[in-house]
Amino acid sequence: MKKIGFLSFGHWASHPAYRARTASDTLLQSIDLAVAAEEIGLDGAYFRVHHFAAQLASPFPLLSAVGAKTSKIEIGTGVIDMRYENPLYMVEDAGAADLISGGRLQLGVSRGSPEQVIDGWRYFGYEPEEGETDADMGRRKTLEFLEKLEGKGFARPNPNPMFPNPPGLLRLEPYSEGLRERIWWGAASNATAVWAAENGMHLQSSTLKYDESGKPFHMQQAEQIRLYKEAWKKAGHPREPRVSVSRSIFALVNDEDRYLFGQESNRRDKIGMIEQDKRAIFGRSYAAEPDKLIQELAQDEAIQEADTLLLTIPNTLGVDYNVHVLSAILEHVAPGLGWR
């Protein structure tokens with residue numbers, strides 16, 4: 001049994017083939033898709049976060065709206081770039097969204113991916129401290145976010161407040177109990193996966209990672225997951241870790257599927273430079289008739305190691321088609337792999 005969710009990049013563009021042509025289209029369709037995904041039995045609705053782009057950017061209004069419209073499905077991000085965030089304000093936003101959803105938030109955070117602009121976090125008013133890199137800054141902010149999510153008082157109260165204060169130091173409100181245990185770290189390297197385990201975060205591993213061994217993508221990702229699990233055990237955390245992997249998977253069950261994604265059937269891993277000095281490996285897409293898809297996915301070592309699979313979706317093709325894509329996986333593929 002695996003948890004299966006979708007991951008939307010939240011694109012929009014004024015393109016004649018797109019059903020999501022504006023930001024409003026994408027936001028409203030994201031809510032509708034999450035509702036529909038819950039109805040067909042999907043376990044999670046996750047959204048990417050990118051700044052300075054025609055994509056989803058500010059996650060908490062969307063997560064709150066999805067939480068208010070649904071009742072069971074997990075709601076998350078993959079990932080929030082912590083270089084852009086005020087950790088304290090984020091604690092308040094996350095707490096409110098989690099309470100609205102009834103404790104279903106699964107927040108993926110990270111130091112962030114390559115950006116649309118140069119050092120975009122500077123425009124948001126943030127600078128690394130002396131001796132820090134921007135990656136260091138993202139990790140430092142993450143640790144502050146985790147600490148404040150614990151709900152311990154840290155702020156000295158005003159002796160003459162507008163409203164009466166409880167005794168002692170004050171914490172941020174609204175506080176959502178348990179949210180600290182539902183934070184995930186998006187790791188592109190083995191080292192940051194281990195760091196996530198040491199700090200008690202679940203692991204998100206996407207469709208790319210740094211190429212650290214030259215092996216096929218799914219094998220490198222499986223090794224990353226095993227290192228993460230070993231580090232979690234060594235750290236002695238009392239709860240069980242969770243691991244998600246992302247994949248582009250399309251079951252070709254009708255002519256439209258074959259027209260749109262049939263060309264993906266022979267794709268292989270790719271090597272590229274995600275940053276100037278970082279060689280990355282990009283995992284292949286899967287597109288095939290269900291029987292063949294089951295055979296191919298059974299050989300993916302990282303999927304076997306993970307407890308959660310996030311299906312990246314073509315959100316610009318609209319809600320109805322994406323419900324079809326997700327339903328086809330649940331109906332024709334998941335049972336054959338023991339996921340349902």
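Student: How many salt bridges are there?
Tutor: The count comes to 26 salt bridges, a salt bridge being a side-chain nitrogen of Lys or Arg within 4 Å of a carboxyl oxygen of Asp or Glu. This is a predicted model, in which local features need pLDDT of at least 70 and side-chain atom pairs count only at pLDDT 80 or more, while totals for chains, interfaces and linings use all residues. Residues are numbered from 1 along each chain as its sequence is written, and side-chain values use heavy atoms, with hydrogens and water left out.

Student: What is the general idea behind such pairs?
Tutor: Side chains of opposite charge can pair when their charged atoms come close.

Student: Which residue does Asp211 pair with?
Tutor: Asp211 forms a salt bridge with Arg279, and their closest N and O atoms are 2.7 Å apart. Asp211 lies in the loop between strand S8 (208–210) and helix H6 (217–235), and Arg279 lies in strand S12 (residues 278–282), so the pair ties together parts that are 68 residues apart in sequence. Helices (H or I, at least four residues) and strands (E, at least two) are DSSP runs, numbered from the N terminus.

Student: Is Asp211 buried or exposed?
Tutor: Asp211 counts as buried, at 16% relative accessibility. Arg279 is partly exposed, with a relative accessible area of 46%. Buried means under 20% relative accessible area, exposed means over 50%, and partly exposed is in between (1.4 Å probe, protein chains only).

Student: What else does Asp211 touch?
Tutor: Leaving aside residues up to four places away in sequence, Asp211 touches Gln220, Ile271, Arg279, Ala280 and Ile281. Contact here means heavy atoms within 4.5 Å.

Student: And which residue is the salt-bridge partner of Glu223?
Tutor: Glu223 pairs with Lys215, the closest N and O atoms being 2.5 Å apart. Glu223 is partly exposed at 23% relative accessible area, and Lys215 is partly exposed at 34%.

Student: What about Lys148; which residue does it bridge to?
Tutor: Lys148 forms a salt bridge with Glu147, with 3.5 Å between the closest N and O atoms. Lys148 is buried, at 14% relative accessible area, whereas Glu147 counts as partly exposed at 47%.

Student: Which residues are linked in a network of salt bridges?
Tutor: One such network links Lys3, Glu74, Arg242 and Asp307.

Student: Where does Asp43 sit?
Tutor: Asp43 is in the loop between helix H1 (23–40) and strand S2 (44–47), and it counts as buried at 19% relative accessibility. The side chains of Asp43 and Arg340 are joined by a polar contact of 2.7 Å. A polar contact is a pair of N or O atoms within 3.5 Å; within protein, one must be able to donate a hydrogen and the other to accept it, and residues adjacent in sequence count only if both atoms are side-chain atoms. Not counting residues up to four places away in sequence, Asp43 touches Lys2, Lys3, Ile4, Ile73, Glu74 and Arg340.

Student: Arg340 again. What does Pro335 touch?
Tutor: Pro335 touches Ile329, Leu330 and Arg340, not counting residues up to four places away in sequence. Pro335 lies in the segment after H10. The C-alpha atoms of Pro335 and Met1 are separated by 9.2 Å, although the two are 334 residues apart along the chain.

Student: Changing topic: how many residues of strand S9 are buried?
Tutor: Five of the five residues of S9 (residues 243–247) are buried. Val243, Val245 and Arg247 are on one side, and Ser244 and Ser246 are on the other. In a regular strand the side chains alternate between the two faces of the sheet.

Student: Which strands are joined to S9?
Tutor: Strand S7 (residues 202–205) runs parallel to S9 and is joined to it by three bridges, with Leu203 opposite Val243. Four bridges join S9 to strand S14 (residues 308–313), also in parallel, and Leu310 in S14 is the bridge partner of Ser246. Two strands pair if DSSP finds at least two bridges between them.

Student: Last one: what covers the buried residues of H8?
Tutor: The cover includes strand S10 (249–251), strand S13 (286–288), helix H9 (301–305) and helix H10 (319–333). The buried residues of helix H8 (residues 290–298) are Pro290, Leu293, Ile294, Glu296 and Leu297.
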